[in-house]
Amino acid sequence: MAPTIQYYCPCLSGYPIQTPPPPHMPSSSASFHPLHSLFFCEECDAVRCNRCVSVEVSGYYCPNCLFEVPSASVRAEKNRCARNCFSCPICRTTLSVVASDPPNEDDLPGPASISTVGEPPFFLYCNHCRWDSAEVGITFEKPTGLAAQLQKFEDSAAESLEFERLKEHFEPFLRTSSLSSSSHMPSLASHSLHTSSVTAAASAALARDIPGVSKYNPHTRSRAGRDRTVNKDEMPEYKSRVEMGLFNQLGSGGDEGDVDFMTHIETASEVAKLEQRWGNSWVSSLKTSDLRPLRIPLHSKVSKRCPTCRHILIKPEQKAQSVRYKIKLVAANYLPAITVALPHTHDVSRRIQSKTPASTEDKQTIIMAGKSYPFHLALTNPLYDPIQVRLSVQRMHVTAATDGTAPDKARRTPFAVSLPTSPFPVAAFAEAWEYDDDEDMFGLEDDELGLEPVGKTSRDRDGRGKIKTVGVLERRANVTIVGGEVVIGKEARGHVKFNMLVSYTYRSDDPLPSEDGAGTPSRVIAKAPEVKTFTFYTVVDLGPITPREESKVEPEI
Amino acid sequence: MDAPVYYSKAEFIETDTGNKVSRRATIAGPQNIILGGKTIISSGAIIRGDLRRTGPGHAVVISLGRYCLIGEGCVMRPPYKTYRGNFNYYPMKIGDHVHIGANSVIEAATIGNHVIIGKNCVIGKFTIIKDCAQIADNTVVPPNTVIPALAMFSGSPGCFIEDLPESTQEMVEAQTKQYYTRFQPLDR
Ligand SMILES: [Zn+2]
Ligand SMILES: [Zn+2]
Ligand SMILES: [Zn+2]
Ligand SMILES: [Zn+2]
């Protein structure tokens with residue numbers, strides 16, 4: 001596993017504590033994210049993540065035909081594509097509409113495609129698993145308007161009708177409550193008030209006797225109970241037109257029919273898998289042979305807002321397949337990008353290697369207990385101004401015997417990390433470097449903030465080399481590479497993982513005109529030159545430690 | 001930081017526009033293939049520019065944009081079908097900044113810009129892959145699949161897994177440019 005670095009979003013830490021959890025706690029992973037997935041709110045001067053931003057749908061589209069569905073029809077069409085897009089009930093592949101033409105000799109497996117004019121009846125065919133809808137008795141006279149025909153079938157289900165009646169029942173109440181609350185309440189408060197009264201009303205209406213299920217009685221929550229009585233006064237009581245017992249006959253499961261089916265199955269594939277069933281809107285039968293094609297669920301484009309100040313961080317362009325944004329405030333445009341490497345794993349003789357995000361690196365990083373290793377941190381400055389960076393390792397409050405199982409000794413001093421102690425510069429980002437096609441990587445001579453890069457120099461512990469390991473190693477374009485060192489304890493186990501505090505100062509003496517809303521990589525400060533500091537946490541994972549016992553057995557790398 | 005990826009200077013032909021094509025790749029019908037520049041065709045790749053639409057004249061069968069990478073052992077074959085009784089091949093168009101991992105077989109109709117396809121994938125006939133989409137290693141995408149922009153697909157059959165981050169375009173662009181820079185000749 002290649003070393004990784006992730007950035008901290010403080011949204012999960014209780015206010016006012018802004019420090020991340022220790023890196024070895026399982027909860028730590030929830031607070032750290034790759035830089036490219038984070039946002040930056042200029043208003044709050046803070047990092048935001050996908051966990052804390054508020055999300056609003058800005059448009060719907062079908063992921064197969066890419067049709068942009070107006071939000072008005074999304075509801076009527078039940079969030080699924082109303083054109084000719086269906087997914088295979090067995091494997092989820094998009095189904096093709098095919099005609100019953102005699103099979104073409106040239107064609108490889110599969111019936112004639114829709115493009116040949118075709119003879120009825122038409123049916124849906126899976127190009128991947130060869131399921132076809134004729135097997136389950138679904139054929140069509142015409143190859144168009146299939147979704148409408150299937151939706152008719154969906155909508156006539158007893159559960160669907162019951163749901164519609166419930167919606168109808170609540171409609172007038174929803175309308176009046178939203179009107180009254182929106183008139184004099186701020187939007188956020190009205191929203192929560194509105195939903196709480198509606199859910200209370202809904203639960204009141206739904207809390208009718210179900211045979212075999214004892215009624216849920218929340219004794220302790222007296223306030224909820226009071227709400228319910230208030231709403232009961234406003235709402236007429238809801239009377240279901242479907243007997244509860246009826247749903248069991250529709251295949252909601254657990255009855256004798258299912259038992260009988262299960263005792264007579266010959267292959268496991270006769271039983272529909274969970275993932276084949278849970279996409280269905282209503283309860284469905286256990287049998288694979290009862291599965292029906294599904295209209296493809298719509299996807300959405302979303303805008304994202306800062307949870308604190310409500311400013312927009314992400315606003316996509318309207319067109320569904322556009323990858324452009326009207327507003328895009330991503331952290332990568334504000335915070336230096338950091339990559340980590342263990343130089344002892346570099347294998348220069350390696351030949352062409354395709355680099356894909358999902359591929360697992362084939363190089364083996366081996367960190368052995370009782371040894372010390374240099375590591376490199378490359379910092380890339382996205383700002384149009386030079387920055388001064390200071391790195392430090394977060395103090396670890398290692399309490400002895402955290403879980404009682406691991407030996408205390410190993411827990412206490414697994415490893416020690418050295419980082420450059422003085423601040424070092426990273427030169428400004430310049431457009432030219434990007435467009436001049438990367439070949440011209442050259443070093444920068446002077447540091448514009450007037451501070452010399454003085455790195456603390458230390459020697460390799462084993463005394464094998466005299467090269468500087470801790471300090472600034474290289475500066476080119478807007479990248480500075482610094483070296484650090486980690487000394488692994490003799491009894492160490494687990495991962496070499498530590499929280500690193502990154503603090504950078506920047507200044508803007510010639511404010512560039514802001515081009516547009518789409519993420520200006522420069523912090524524009526209108527007034528006189530000013531030095532500002534921004535601090536954030538990261539977690540660095542250099543990889544697993546190979547314990548000593550094993551390392552003896554391991555052959556040399 | 002980023003270690004160079006060395007190749008033998010003798011193995012690759014470099015064009016005026018910076019394309020680097022391995023002599024160990026099979027380029028059939030080169031007159032029907034367009035490379036946008038700074039595109040790398042790795043050793044063992046097979047590009048079937050010879051499978052062209054029937055009829056007279058010159059036809060572009062496979063076009064690749066800038067900063068693409070066709071991994072080792074990839075097969076790029078234009079899609080075909082029988083339409084109104086006539087068997088025909090159809091062109092394959094691939095945008096800029098597209099990386100295709102080793103040993104993948106591609107029969108797509110169009111692949112947009114900033115697309116990354118993993119190793120050992122099968123991309124079925126007439127597949128349409130929109131901008132900034134990604135296909136994980138070992139994915140089998142059935143014929144005629146549409147992969148929307150910024151979608152991550154994985155599995156067999158390839159299914160939608162998640163939406164990719166908003167900064168995917170910049171990341172892929174940086175990655176593909178960096179790869180081209182790292183791809184260095186070694187005299188020997
Ligand atoms: Zn957050
Ligand atoms: Zn559709
Ligand atoms: Zn299928
Ligand atoms: Zn904010």
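Visitor: Which residues coordinate the zinc ion (ligand 1)?
Guide: This is a predicted model, in which local features need pLDDT of at least 70, side-chain atom pairs count only at pLDDT 80 or more, and totals for chains, interfaces and linings use all residues. Residues are numbered from 1 along each chain as its sequence is written, chains are lettered from A and ligands numbered from 1 in the order in which they are written, and side-chain values use heavy atoms, with hydrogens and water left out. Donors are N, O and S atoms within 2.8 Å of the metal (3.2 Å for Na, K and Ca); water is not among the atoms, so sites may look incomplete. For the zinc ion (ligand 1), SG atoms at 2.2 to 2.3 Å come from A:C9, A:C11, A:C49 and A:C52.

Visitor: What arrangement do the four donor atoms around the zinc ion (ligand 1) have?
Guide: Four donors count as tetrahedral if all angles lie between 85 and 135 degrees; four count as square planar and six as octahedral if opposite donors are over 155 degrees apart and all others between 65 and 115; anything else is irregular. Ideal angles are 109.5 degrees for four tetrahedral donors. Here the angles are 106 to 112°, so the arrangement is tetrahedral.

Visitor: How many residues apart are A:C9 and A:C52?
Guide: The donor spacing of the zinc ion (ligand 1) is C-x1-C-x37-C-x2-C. A:C9 is in the loop between β1 (4–8) and α1 (28–31) of chain A, and A:C52 is in the loop between β4 (46–48) and β5 (54–61) of chain A. Helices (H or I, at least four residues) and strands (E, at least two) are DSSP runs, numbered from the N terminus. The pair links distant parts of the chain, and their separation in residues is 43.

Visitor: What is the spacing of the donors of the zinc ion (ligand 2) along the chain?
Guide: The donors are A:C62, A:C65, A:C81 and A:C85, each by its SG atom and lying 2.3 Å from the ion. Their angles of 104 to 113° make the site tetrahedral. Along the chain the spacing reads C-x2-C-x15-C-x3-C.

Visitor: How many residues apart are A:C41 and A:C309?
Guide: Both are donors of the zinc ion (ligand 4), together with A:C44 and A:C306. A:C41 sits in strand β3 (residues 39–41) of chain A, while A:C309 sits in the loop between β11 and β12 (312–316) of chain A. A:C41 is buried at 1%, whereas A:C309 is partly exposed at 22%. In residues, the separation of this pair is 268.

Visitor: Which residue of β11(A) stands opposite A:V55?
Guide: Two strands pair if DSSP finds at least two bridges between them. Strands β5(A) and β11 (residues 299–305) of chain A pair in the antiparallel sense over seven bridges. Opposite A:V55 stands A:K304.

Visitor: Which residue in the turn between β5(A) and β6(A) has a positive phi?
Guide: Two bridges join these antiparallel strands. One bridge puts A:Y60 with A:V69 of β6(A). The strands form a hairpin with six residues between them, and the turn residue with a phi of about 65° is A:L66.

Visitor: Which strands stand at the edges of the open sheet in chain B?
Guide: The sheet has nine strands in the order β2-β3-β6-β9-β14-β17-β20-β23-β24, with mixed pairing. Each edge strand has a single partner, so one side of each is left without a neighbour in the sheet. The edge strands are β2 (12–14) and β24 (159–163) of chain B.

Visitor: Which helix gives the most to the lining of the largest cavity?
Guide: On a 1 Å grid over the protein atoms alone, a cavity is a set of points where a 1.4 Å probe fits but cannot get out, and lining residues have an atom within 4 Å of a point. The largest cavity has a volume of about 30 Å³, counted as the space filled by probe spheres set on the points, which are joined across faces, edges and corners. Its lining includes B:K38, B:T176, B:Y179 and B:Y180. With three residues, the top contributor is helix α1 (residues 168–182) of chain B.

How values were computed
1 Å grid on protein atoms, 1.4 Å probe; cavity = no way out; pocket = protein on both sides within 12 Å on 5 of 7 lines; lining within 4 Å. Buried < 20%, exposed > 50% of the residue type's maximum accessible area, 1.4 Å probe, protein only.
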